[in-house]
Amino acid sequence: MVERSLQKPEYLERVQAPSKQAIAKATGIALAVALVILFTAVLPAEYGIDPLKTGAFLHLTDLAKASGSKMAAKAEPNAPIGARPVAAPAGIYTAQPGIFKIDSEDLSLMPSEGVEIKYHMQKGAGMVYSWKATAPVAFEFHGDPDNKPNKDYFESYELNDQAGFRPFQRLVHRALHRHPRLVLGK
Amino acid sequence: MQVRAFRLRVAVFVAAVLILSAFVFSAAAGAHNVSKRDASFVESNQGPAIAAFVYLGAKHMVTGYDHIAFLVGVIFFLYRLKDIVQYVSIFTLGHSVTLLGGVLGGVHANPYMIDAVIGLSVVYKAFDNMDGFRRFLGFEPNTKVAVLIFGLFHGFGLATKLQELDLAKNGLITNIISFNVGVEIGQVLALTAVLIALGVWRTQSGFLRQAFTANAVLMTVGFVLVGYQVAGYFVAA
């Protein structure tokens, strides 16, 4: 056991220090392998960047599509409960490629409290929502585009300020070009 | 006896390479980020929550492959417990300063750029372990200073990620200190696992030869992390 006698120095003395050539070669190989891993696996899976088409071949780009970019994840504070493929409904909708994101959330609101649920969507993407309340709540549903004509611009789709006391459920289908925001509470 | 020792050596080498490449694949899983479920807890939390933040800090460190990759590089050639404690303390000092200072002072940085520097720290230490600096520059930059500087960056990365979440002012200091304590606990846990693996490996006679290759693998991990983060920077821009 040669190593045992070498335990004294803070950093172990290298028995044979590698040559410049060996270090340069190892560094070059490390960089080359890293680039291969990046371009064949990490970039397609993380960002959907797929210059070599290996991501499509290995279905890694599906990961990027399913999770969305980090930006999109940040704009959607609601954690996805689960995502499964859903058939696109017929009608005014354009069929959406890939899979749908499905969220659901239970909220408790105290009197005079409010909550706003926000989504950032692609232009032309569809959104289906439904909600149920166990007490009277006021609600409003609006959207605003990424490039607003002015700071306070928004388009309201639905407004109900005098929701009576009844448990109810709504199902609204909309083809949206905007950030839909559902505001609950009063 | 010879054959047995050789087989063991091969097995340990293969295992080590596998463990290191697992870092690469966990990069693809995005293990580093505070998970969405934890994020919504942090955002909805009001007031001090010591245990929860200690847990989150520890979890962050244990699943934070970039920090662990750097620490593997730092302790790779450290044998005496005294040295390990010394270097890890320097790293801890560095990242505690910027974690606490960054969050409390509200200092922001681009998280992708910070993470790219952290990836670079892995490349740096691997190159250092290969004896690259002494060979190419004729001297080895002070390892303790390098560990301190990269520690500062690692802490800044943590601070930036925590600030992406809406932290309640109520109990902020308690929670940040708890998070930091958790980070240290997680670091000790991760280091213990690394030290056990390195300890077994070092008793093998081929260690020094394999060490060179292992550091090349570690460097690869570092380069992948840099590329991953730099690409993220441009995608987000």
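Good morning. I begin at one residue of chain B: just after helix α5(B), Gly106(B) takes a positive phi of about 65°. Helices here are DSSP runs of H or I with at least four residues, strands are runs of E with at least two, and both are numbered from the N terminus.

Please note that this is a predicted model, in which local features need pLDDT of at least 70 and side-chain atom pairs count only at pLDDT 80 or more, while totals for chains, interfaces and linings use all residues. Residues are numbered from 1 along each chain as its sequence is written, chains are lettered from A and ligands numbered from 1 in the order in which they are written, and side-chain values use heavy atoms, with hydrogens and water left out.

Let me stay with α5(B) for a moment. Its 25 residues should span 36 Å at 1.5 Å a residue, and the end C-alpha atoms lie 35 Å apart, which agrees. The expected span is 1.5 Å times one less than the number of residues.

Now to chain B as a whole. It holds ten helices and zero strands. Of its 237 residues, 56% count as buried; buried means under 20% relative accessible area, exposed means over 50%, and partly exposed lies in between, with a 1.4 Å probe and protein chains only. Among contacts between residues at least 6 apart in sequence, 85% join residues at least 24 apart, a contact being heavy atoms within 4.5 Å.

What lies inside? The largest nonpolar core has 73 residues, and Ile75(B), Leu167(B), Phe179(B) and Met219(B) are among those with the most contacts inside it. Such a core is a set of buried Ala, Val, Leu, Ile, Met, Phe, Trp, Tyr and Cys residues joined through side-chain atoms within 4.5 Å. Helix α10 of chain B, residues 207-236, gives the most to this core, with 14 residues. Leaving aside neighbours within four places in sequence, Phe179(B) touches several residues, including Phe53(B), His60(B), Leu99(B) and Leu162(B).

I turn to the aromatic rings. Over all chains, the whole structure contains 13 aromatic pairs. Rings of Phe, Tyr and Trp (its six-membered ring) pair if their centres lie within 6.5 Å; planes under 30 degrees apart count as stacked, over 60 as edge-to-face and the rest as tilted. Phe76(B) and Phe207(B) form a stacked pair, 5.7 Å centre to centre with 15° between the planes. This pair links distant parts of the chain, with Phe76(B) in the loop between α4 and α5 and Phe207(B) in helix α10, 131 residues apart. Both Phe76(B) and Phe207(B) are buried. Elsewhere, ring pairs join Phe70(B), Phe91(B), Tyr124(B), Phe127(B), Phe133(B), Phe136(B) and Phe150(B) into a cluster.

Another residue of chain B, Tyr112(B), belongs to helix α6, residues 111-129. Tyr112(B) is buried, at 12% relative accessible area. Its C-alpha atom is separated by 9.1 Å from that of Phe234(B), 122 residues apart along the chain.

I close with backbone angles. Most residues other than glycine have a negative phi. Asp131(B), although not a glycine, has a positive phi of about 75°; Asp131(B) lies in the loop between α6 and α7 of chain B. In chain A, Lys53(A) has a positive phi of about 65° and is not a glycine either; Lys53(A) is found in the loop between α1 and α2. Which of these is buried and which exposed? Asp131(B) is buried, with a relative accessible area of 5%, whereas Lys53(A) counts as exposed at 56%.
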